[in-house]
Amino acid sequence: SLVNDAVGLDNPGSTSFMMSGGKNKTTDRSSVRMNYELNDHEFELAQASEGYVSRLCSSLDDLLDPLRIHLEPNLSDALVIGVIGTASKRIEAAVKRCRFTENGAYMLDSDVRYILHYTKERIASAEQSSNIALHKACTPLARLSQIAALMNLEDLDGVLDLISDYKRKGTWDLKIEDARAFLSLRVDFEGRKVNELLRSDDE
């Protein structure tokens, strides 16, 4: 699929982020892979380079544009949201295979924001062009945003407050076991503490 190709899942073990040519921006398809276990130097390189999300969105345009021009706006919007939903599900599955540093969590947040911006730019309906509306229309994309928010916490002390805040607004789609699994991917979060914090069942 387009997502597997973009994140580097076509070949086993190819999700690493590799750079060539020093500090120069690279567009080589084989050199842009999903990786969020970034040290400071790798984080700087990732910010200065074309990442997998940019390449994925470009591929989605190649797929969607020839179709959208023949569709009414509401059908075009439905197509975009449907495709983004499928892509978001695959990205979430790929993210589960990654390890995260704090830098990587920042990068995930940036990538999700890129996808949100990309989607809003291609939605004709003003009613669906906000983050809140898009999250309601596309649960897989909402889940990615929630995962990014969760992964970007500085420490585990803020986890329960974050989840409670989302739940009060009626915008939390992750189960407790989802939150536990993703937080356990942070290399600086102790797995035992994550399990103790999120021991209760999702209600």
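In the predicted model, Leu67 is partly exposed, with a relative accessible area of 44%. This residue lies in helix H3, which spans residues 52–68. Together with Leu71 and Leu75, Leu67 makes a nonpolar surface patch of about 250 Å². Leu71, a member of that patch, is also touched by Ser76. Ser76 belongs to helix H4, which covers residues 73–95. In contrast to Leu67, which is partly exposed, Ser76 counts as buried, at 6% relative accessibility. The value of 6% falls under the 20% limit for burial, and Ser76 is therefore classed as buried. When residues up to four places away in sequence are not counted, Ser76 touches Arg68 as well as Leu71.

The secondary structure of the protein consists of 10 helices and zero strands. Read from the N terminus, the order of elements is α-α-α-α-α-α-α-α-α-α. The protein has 203 residues, of which 43% are buried.

In soluble globular proteins, nonpolar side chains tend to be buried together. The largest nonpolar core in this model contains 51 residues. Within this core, the residues with the most contacts are Tyr36, Leu108 and Leu150. At least two core residues are supplied by each of several helices, namely H2 (40–48), H3 (52–68), H4, H5, H7 (139–151), H8 and H9 (176–183). With neighbours within four places in sequence left aside, Leu108 is in contact with Tyr36, Val95, Phe100, Ile147, Ala148 and Met151. Tyr36, one of these partners, is itself listed with Leu108 among the residues that have the most contacts inside the core.

Charged side chains were considered next. Side chains of opposite charge can pair when their charged atoms come close. The model contains 11 salt bridges. One of them joins the side chains of Asp109 and Arg113, with an N to O distance of 2.8 Å. Both residues lie in helix H5 (residues 102–121), and because they are four residues apart, Asp109 and Arg113 are separated by about one helical turn. Asp109 is partly exposed, with a relative accessible area of 22%, whereas Arg113 is exposed, at 55%.

Asp165, in helix H8 (residues 159–169), takes part in two of the pairings described here. The side chain of Asp165 meets that of Arg168 in a salt bridge of 3.4 Å, N to O. Asp165 and Arg168 are three residues apart in the helix, so about one helical turn separates them. The side chain of Asp165 also meets that of Lys169, again with an N to O distance of 3.4 Å. Asp165 and Lys169 are four residues apart in H8, and the separation is therefore about one helical turn. Asp165 counts as partly exposed, at 28% relative accessibility. Elsewhere, salt bridges that share partners join Glu92, Lys96, Arg143 and Asp178 into one network.

Note on methods. Residues are numbered from 1 along each chain as its sequence is written. This is a predicted model: local features need pLDDT of at least 70, side-chain atom pairs count only at pLDDT 80 or more; totals for chains, interfaces and linings use all residues. Side-chain values use heavy atoms; hydrogens and water are left out. A salt bridge is a side-chain nitrogen of Lys or Arg within 4 Å of a carboxyl oxygen of Asp or Glu. Buried means under 20% relative accessible area, exposed over 50%, partly exposed in between (1.4 Å probe, protein chains only). Contact means heavy atoms within 4.5 Å. A nonpolar core is a set of buried Ala, Val, Leu, Ile, Met, Phe, Trp, Tyr and Cys residues joined through side-chain atoms within 4.5 Å. Patches are made of residues with over 30% relative accessible area and no salt bridge: like charges are joined within 9 Å, nonpolar side chains (Val, Leu, Ile, Met, Phe, Trp, Tyr) within 5 Å. Accessible areas come from the Shrake-Rupley method with a 1.4 Å probe; for residues, only the protein chains shown count as cover.
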